[in-house]
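The following report describes selected elements of one structure. It covers a helix and a sheet.

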Amino acid sequence: MTTGLEKSNKARLHFDIYAILEGSQELYLGHEVQVNVNMVEIVKLSTRDGQSLEKCYISPTKRRGVERRCLIWAPHKSGELLGDKQKCGIPATCAKTECPICSTFGGLITEKSKARTLIGRVTHGGGVAIQNIDPEEKQRAMHPSRLATPKDGKEKHTPTPFKRQYNQPGILYPVSNHALSITDQDFATVAYAFLDALPRIGSGNPKGVAIAENQENNQPLLVVDRYLVPRGKRPVISPSVTDPQTAVSDFVRLSQIPEHAQENHVELNHFERWIGDTALTKLQDYSSMFVDNILQK
Ligand SMILES: [Zn+2]
């Protein structure tokens with residue numbers, strides 16, 4: 001069976017984004033509700049030295065969902081949002097190869113008469129917190145779903161107290177996005193979605209994460225690879241690491257290409273890597289390519 005993708009007249013390559021994100025304030029990433037407590041998603045793990053830990057988590061599937069929504073809600077020049085213009089939403093994706101959202105993130109139509117699958121070529125990884133800090137539980141006066149004014153205006157609302165957990169601010173989350181066999185224009189979509197999603201990660205309010213900085217040189221902890229052949233090491237942080245300084249120095253060490261240490265842009269045969277500020281500029285350039293060629297067209 002073929003992939004269903006049309007032949008591209010532009011070169012297809014692989015792209016990776018690696019970053020360490022930092023919670024700018026407390027974050028609620030809903031998981032389940034237990035006896036009036038809204039729980040956040042956590043992962044259980046056993047470290048290399050045998051410790052059992054529970055860590056906060058920005059799950060790759062949640063981050064992917066936020067990125068896809070950013071594309072669906074992106075403002076098109078016509079006055080429509082991109083998803084409305086493409087007739088592409090969640091869960092009703094259009095699954096057309098010419099849709100910038102489905103051609104990268106994938107699409108699925110289950111309706112029997114026009115069933116169709118478009119394989120997503122962007123995958124998301126990481127998200128396990130570095131610090132071993134338990135979520136904090138806070139009392140809230142009323143569940144947001146009960147804040148709506150009743151239609152007849154007569155019903156009296158008694159505030160229903162409930163508790164909600166939050167990931168604490170300042171937690172670091174190493175994450176990565178990988179794009180398989182896509183063109184530069186496709187990666188423009190991926191770059192736009194990645195950057196645009198950062199301030200919108202979280203369920204409810206407040207929301208938002210930032211790309212953490214390396215405090216030694218004020219550079220963002222960010223790496224972008226564009227390649228046919230992988231080189232060097234992938235800056236992926238072990239979930240066993242609980243010390244933020246170790247995580248940052250691991251990330252910096254792994255992102256250095258041997259014999260090109262201290263260089264922020266390395267070009268080798270079939271491989272290019274941008275690190276720190278140059279990586280951010282590269283992502284922003286791709287992002288504006290998406291705006292010019294998709295949103296402003
Ligand atoms: Zn679509």
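Asp285 and Asp292 are exposed and sit on the face of helix α6 that is turned away from its buried side. A residue counts as buried if 20 or more other C-beta atoms lie within 10 Å of its own and as exposed if 12 or fewer do, with C-beta atoms placed from the backbone. The model is predicted: local features need pLDDT of at least 70 and side-chain atom pairs pLDDT 80 or more, while totals for chains, interfaces and linings use all residues. Residues are numbered from 1 along each chain as its sequence is written.

The buried residues of α6 are Ala279, Lys282, Leu283, Tyr286, Phe290 and Ile294. They lie on the same side of α6, because they cover an arc of only 95° around the axis, taken from the directions from the helix axis to the C-beta atoms. An α-helix has 3.6 residues a turn, so residues three or four places apart point the same way.

| Element | Residues |
|---|---|
| α3 | 100-105 |
| α4 | 184-197 |
| β15 | 222-227 |
| β17 | 271-275 |

Helices (H or I, at least four residues) and strands (E, at least two) are DSSP runs, numbered from the N terminus.

An open sheet of 4 strands runs in the order β2-β3-β10-β9 with mixed pairing; strands pair if DSSP finds at least two bridges between them. Its edge strands, β2 (30-34) and β9 (136-140), each pair on one side only. Strands β3 (residues 37-40) and β10 (residues 162-166) pair in the parallel sense over 2 bridges. Asparagine 38 has arginine 164 in β10 as its bridge partner.

Note on methods: Contact = placed C-beta atoms within 7 Å.
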